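This report concerns the disulfides of a protein chain and two further residues of that chain. The sequence and structure are shown first.

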Amino acid sequence: MRTTRARAACGGVLLAAALALAGCQWGGGSGAASGRPTLTGTAGGHGAVFLGADDCASRGRERVTEVSCGSERAAARVIARHDGPVGDGPACPGRSDYVLHISESRPSVDEDGDGEVSRGYACMRNLEPPHPGDPGGGGGPRTVVGDCVYGAGRGEVRETPCDSSGPRSPEYRVVAAVAVRTACAPGTALYVSLGGTRPVGCAVRV
């Protein structure tokens with residue numbers, strides 16, 4: 001029997017590039033971000049595609065399950081759904097709060113021996129606040145204009161809420177997205193890799 005499973009990337013720190021499609025650069029070096037907690041879940045059978053666009057999911061400490069959007073258990077909605085690994089597919093919309101990595105248990109066709117076969121990923125937005133993916137919210141799968149970060153050491157930076165409600169106060173705010181570093185305004189203190197057509201984020205001290 002096939003079991004569809006989901007791994008959710010949650011929390012309020014900047015994701016690694018393979019997970020979030022966005023990373024940071026501190027000065028001239030590449031930054032690395034720590035991993036996030038993961039959740040696993042099974043399909044609830046509410047649609048032809050597990051967690052298709054506009055479907056809703058529950059959220060628990062260990063499992064994520066597809067549920068009716070009218071259910072009291074519904075916690076987040078799929079705002080985009082893509083096949084294949086996150087690193088090979090389109091970036092999630094900037095307003096996404098987190099990414100669900102979806103796979104199914106099929107040991108007979110698994111290639112790496114863990115019994116899981118990738119089914120793609122879903123870009124999720126919470127049905128109610130907080131929305132860490134919003135500009136300045138302190139998280140989400142992408143860094144966007146309006147987000148704040150702090151230095152985490154060893155050439156790393158991480159996102160944090162701009163209103164200082166997180167465990168770390170913001171040190172820099174991304175104020176613009178441009179095509180090349182030279183297009184950043186004078187006074188730019190940090191360059192943040194955003195991806196997309198304007199991949200350089202210009203950040204200033206706050």
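## The C148–C162 disulfide

C148 and C162 are joined by a disulfide, with 2.0 Å between their sulfur atoms; the term denotes a pair of cysteine sulfur atoms within 2.5 Å. The torsion about this S-S bond is about 110°, so the C148–C162 disulfide is right-handed. Because C148 lies in strand β9 (residues 148–153) and C162 in the loop between β10 (156–160) and β11 (172–178), the bond ties together parts that are 14 residues apart in sequence. Strands (E, at least two residues) and helices (H or I, at least four residues) are DSSP runs, numbered from the N terminus.

C148 and C162 are both buried. Here buried means under 20% relative accessible area, exposed means over 50%, and partly exposed lies in between (1.4 Å probe, protein chains only).

## Basis of the model

The model is predicted: local features need pLDDT of at least 70, side-chain atom pairs count only at pLDDT 80 or more, and totals for chains, interfaces and linings use all residues. Residues are numbered from 1 along each chain as its sequence is written, and side-chain values use heavy atoms, with hydrogens and water left out.

## The C92–C123 disulfide

A disulfide also links C92 and C123, whose sulfur atoms are 2.0 Å apart. Its S-S torsion is about -80°, so the bond between C92 and C123 is left-handed. C92 is placed in the loop between β6 and β7 (98–105) and C123 in strand β8 (residues 116–126), so this pair connects parts that are 31 residues apart in sequence.

With a relative accessible area of 3%, C92 is buried. C123 likewise counts as buried, at 0% relative accessibility.

## The C56–C69 disulfide and the overall pairing

C56 is joined to C69 by a disulfide with an S to S distance of 2.0 Å. This pair links distant parts of the chain, 13 residues apart: C56 is in strand β4 (residues 56–57), and C69 is in the loop between β5 (66–67) and β6 (76–82). The torsion about the S-S bond of C56 and C69 is about 100°, so this disulfide is right-handed. C56 counts as buried because its relative accessibility is 0%, whereas C69, at 30%, counts as partly exposed.

The structure holds 4 disulfides in total. When the bonded cysteines of the chain are numbered in sequence order, the pairing reads 1-2, 3-4, 5-6, 7-8.

S58 is located in the loop between β4 and β5. Its relative accessible area is 6%, so S58 is buried.

The C-alpha atoms of S58 and R73 are 5.4 Å apart in space, while the two residues are 15 residues apart in sequence. Apart from neighbours within four places in sequence, S58 is in contact (heavy atoms within 4.5 Å) with R63, V64, T65, V67, R73 and A75.

H131 is found in the loop between β8 and β9. At 17% relative accessibility, H131 counts as buried.

The H131 side chain makes a polar contact with the side chain of D97, at 2.9 Å. Such a contact is a pair of N or O atoms within 3.5 Å; within protein, one must be able to donate a hydrogen and the other to accept it, and residues adjacent in sequence count only if both atoms are side-chain atoms. Not counting residues up to four places away in sequence, H131 touches D97, R125, N126 and G137.
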